Amino acid sequence: MEMGMRAVLVYAFFAVFIDLCRGTLMNCDEVRKVFQLKEIGPVKSIPETPRTGSDLQVCSSKNQTCCTKKMEERYQVAARRDIQNLLQISSSSLKFLISRNVATFQETVDSLVRQAENHTHAVLLHTYRDLAGPAAAPVGEFFTDVDLFVLGSELSLEEASQRFFDALFPLVYERLVEPDLSRLSAPYAECLRATCRDLAPFGGAPGRLAGHISRASLPSRVFLQALHLGVEVINTTDHIQLSRECRRGLLRMSYCPHCQGLTASKPCMGYCLNVMRGCLASLAEVDAHWREFVRSLETLSTRMHGAQDLEQVLLGVHGLVRDAVAHAQRIAPQLSTQVRRVCGHPSRQQPEQVSSVQHGGAGRDSIPLKGAVRSTEDTLSNRRKEFINSLRLYRAFYGGLADQLCVSDLASGDGLDCWNGADVASYTLRVVGNGIKAQAENPEVKVKEADPVISQVIDKLKHINQLLQGKSIPKLGTLDQIETGSGDGYSGDCDDEDGCWGSGNGASERRRIVTILTPENTNNHRYHHPQSKGFDQTNSGARGTQTAPLALVSICAFALLSG
């Protein structure tokens, strides 16, 4: 009786033991549930019960499996999608910071230009009341051109300045040089406009105005150009092309345990670091250049003062315009003689034409003052300081990206059971460092060479860093031209102790920059990237060893058999 009872117990125990050895896979229900929940593919491809996985290429195992070759392919696509989604989430706060500040800087520049335009209208109204109304249109057109130029338009600021003074000359001549009750005829006014550049009634004011604004705008244009490139870098790295070796590594790390019914398991930290550092090795190469990018933006920002302070220069334009008009007034007799020599005796409009032109007067209501009064805190300088302070938090973004993904999302926490690539056990292989060279010893992902697309991004960062540092300035440097191999007009280091921005005239400083960006709105502000610590230490134990439950079962079996 006792022997029979013992035989029953032993039989029952070994029945359980065999199931455990099969990975506890009685059926594939849990695998099907997760497969469907993650929308990996159609559930009809999932077997009802475990099978041998002889046809599997990556997730092969000596145990029974719930995976088919078709499922393995689906899992690989899902693993790649998961990582790319994590990359986009991790960079979203940085991308939002830069995009938002591009929009903020553009809005601040718009407001500043409108304020400068209002000051110019107000000075003309106060000093030359009869001139203010008719001059409103040329003033408005000029400041529209200035706004476009500061934000990166290809227009010539010298030409815009000269057009402004060309349009101003007939108004100054008829109201201040030879004032009269009637107005000049349209043909005579056109003659004055055409001869303005030869007669130079405003002295060197057109060139000085363009030069001052051009010198002050150049750092701001480069600053904005750099921010656009920053967004481009993030967009490129968000959509990095993963190599075949990386895709297989991600599949083995993320979804191969599902084949054995281990749907809740996470990879060991060391294992995750090896896989992610291998997959993102090219992104780690961006780190040094991104750090320099952040430093260079900060350095350029601190140089924007004096003649390079756009705000100070623009808000001083009204004084230069006022002085230019005063100069024309002072040389009125000489100017009158020169004009009569070129255009003849002044031709006046008919009385009915004069009354229609003068209708409405030159009162304050006829001058289109634009924009609200800006807050003293709402300055370009303050905006830049706030932005730089926030951007500093991301200077190590690319250096710690692989580690951050493992720590925050992918790997198992310390002390928990984890997947080591073959079983739920400790990970004992060496953990490699970051970067391309370090991957030569990576046991999980083989890296042959740097991603050529990321190499291009690095070259763009190198070039924009040169611009930010004032070391070299392309004559016609658009974002599209900051490419590998392009370098037209690069002049090397400069010796100007005040930086290269302040030298030269408007013509030499004019560059063609196209800056178009629609700010992206995202509310995810996760992922600052501190340096991870302690992940390079190896763990104890052997890869592929038996788990604790199986060890306990073996002990129980021995006790039963020994009676």
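1. By class, seven nonpolar, two polar and one charged residues make up the lining of the second largest cavity. The model is predicted, and the remarks here should be read with that in mind.

2. The residues that line this second largest cavity are M276, R277, L280, L283, A284, Y398, G399, L401, A402 and N434. Two or more of the lining residues come from each of α10 (269-279), α11 (281-284) and α18 (401-410). R277 is the charged residue of the set, because Arg counts as charged. The volume of the second largest cavity is about 40 Å³.

3. How many cavities of 30 Å³ or more does a search of the whole structure find? The search gives three. The largest cavity has a volume of about 80 Å³.

4. Around the largest cavity, the lining consists of F105, V109, S220, F223, L224, M304, L380 and R384. The elements giving two or more residues to this lining are α3 (69-127), α7 (205-238) and α17 (380-391).

5. Which element gives the most to the lining of the largest cavity? That element is α7, with three residues.

6. In class terms, the lining of the largest cavity has six nonpolar residues, one polar and one charged.

Methods:
Residues are numbered from 1 along each chain as its sequence is written. This is a predicted model: local features need pLDDT of at least 70, side-chain atom pairs count only at pLDDT 80 or more; totals for chains, interfaces and linings use all residues. Side-chain values use heavy atoms; hydrogens and water are left out. On a 1 Å grid over the protein atoms alone, a cavity is a set of points where a 1.4 Å probe fits but cannot get out, and a pocket is an open set with protein on both sides within 12 Å along at least five of seven lines; lining residues have an atom within 4 Å of a point. Grid points are joined across faces, edges and corners, and a volume is the space filled by probe spheres set on the points. Helices (H or I, at least four residues) and strands (E, at least two) are DSSP runs, numbered from the N terminus.
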